[in-house]
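I opened the model today and looked up a few spots. My entries follow, one topic at a time.

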Amino acid sequence: MSTAQNAILAVNAGSSSLKFALYPQNGTEIGAAPLSGNIEGLEAGGSPLVKVSSKDGNSTEKLEAGEGTPHERALSALRSVLERHAQGIRITAVAHRIVHGGSRFAASVVLDDDTVAYLDTLCSLAPLHQPHNLAGVHAFRKHFPDLPQIGCFDTAFHATLPETEYTFALPKALRDEGIRRYGFHGLSYRYVTDRLLEQTPRAKGRMVIAHLGNGASVSAVKEGKSIATTMGFSALDGLMMGTRSGSTDPGVLLHLLRQGWSWEQLERTLYRESGLRGVSGISADMRTLRASEEPDAKLAIGIFTHRLLRECGALTACLRGLDVLAFTGGIGEHDTALRKEACDALSYLGVKIDDAANREATRDAIMPIHAKDSTVEVWVVPTDEGRVAAQDAARLIS
């Protein structure tokens, strides 16, 4: 970066970590991030580490535990990183990834007291993410009072869902309270959609995009807009995930309540003890399960793949056909075997991949992997949610 270069700092605050990236800004235009990283191990008793990726290479260093909240310790560490790696950079705004924008926000906004107070009311809808996202907002607003703080919502991309998609079959009084399908991973879906629109004219048609990682969902996108998605009122719905159950018969929950389970037990089980980890009893990491010979590890992978295929079929029906299938997220971008199995199973839709291209598509670059005679294009698109957030921030402060 040149001297006095403006930049947007994009952050994603979690319970024990803070992901960050610095994006060069030229007016409303945003460039690729030359500096990014993850500050992790900030929980009580944790071993804080800073992992930095920059033009000078990658580095990892231990930090002193320090005083204050996890996010205040992260801010202290982040200042040290910026002093070393971003001299001469003028940060013009901080863009916060916030999971839930509720029914009020269909686009990114400047965060003020009223906005943050409303977002705090949504914490019960995304208990693994929203409270920690907002803790990061509070810390940055306190320590950088002169910088615009921008909220960028994972739900915003799905504001185009039709009423028949977002409405639950519940009494009107409950629907009027905001109990509806919202959808998540919107920053990722927006990035992938925009990139594919640059790459292929078929992206203007009917796309199924699979965001597969520790959190996982699939969305149907038509003419660049979300029309259906697997996540709903909360980030628990739809696909099986790393530690989350995905769709579960509500009757199971009623049964457990009758047995005396508390809501805290239910929440912990559904969010933290289910999914790949719960079924396998080993790990939430797909790479670990791939390397295991344990029957339950194979079962976990099998269920994950089955649920993906089931949802792809349903979303294709909503689209009335399929032009593009895209994979993103940590598993979607790197699990060659999953992409191969999924595409082979979807061959009835005209999906056919090039095995060599599929094997090569782990290079962190957007890449087509469909065979020449495939009637559906298949792409692997490394996502960059921070860049979408930075783009919105640049537009708002301009």
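**Entry 1: Ala297**

I found Ala297 in helix 11, residues 295-319. Helices here are DSSP runs of H or I with at least four residues, strands are runs of E with at least two, and both are numbered from the N terminus. I noted that this is a predicted model, where local features need pLDDT of at least 70, side-chain atom pairs count only at pLDDT 80 or more, and totals for chains, interfaces and linings use all residues. Residues are numbered from 1 along each chain as its sequence is written, and side-chain values use heavy atoms, with hydrogens and water left out.

Is Ala297 buried or exposed? Ala297 is buried, because its relative accessible area is 0%. Buried means under 20% relative accessible area, exposed means over 50%, and partly exposed lies in between (1.4 Å probe, protein chains only).

Next I looked up what Ala297 touches. Leaving out residues up to four places away in sequence, I listed Ser280, Ile282, Leu289 and Ser292. Contact means heavy atoms within 4.5 Å. I also checked Val279: this residue is 18 residues from Ala297 in sequence, and the C-alpha atoms are 7.4 Å apart.

**Entry 2: His158**

I located His158 in the loop between strand 9 (149-153) and helix 4 (163-166). His158 counts as buried, because its relative accessibility is 1%.

Which backbone oxygen lies 2.8 Å from a polar atom of the His158 side chain? I found that it belongs to Phe184. A polar contact is a pair of N or O atoms within 3.5 Å; within protein, one must be able to donate a hydrogen and the other to accept it, and residues adjacent in sequence count only if both atoms are side-chain atoms.

Beyond neighbours within four places in sequence, His158 is in contact with residues including Tyr182, Gly183, Ser219 and Thr229.

**Entry 3: Strand 1**

I moved on to strand 1, residues 5-13. It is largely enclosed by the rest of the structure, because 8 of its 9 residues are buried.

I looked up its partners. Strand 1 pairs with strand 7 (residues 89-98) in the parallel sense, over 7 bridges. Two strands pair if DSSP finds at least two bridges between them. Gln5 has Ile89 of strand 7 as its bridge partner.

Strand 1 and strand 2 (residues 18-26) run antiparallel and are joined by 7 bridges. I noted Phe20 in strand 2 as the bridge partner of Val11. The hairpin between strand 1 and strand 2 passes through 4 residues.

**Entry 4: Ile397**

I ended at Ile397 in helix 15, residues 385-397. Ile397 counts as partly exposed, because its relative accessibility is 31%.
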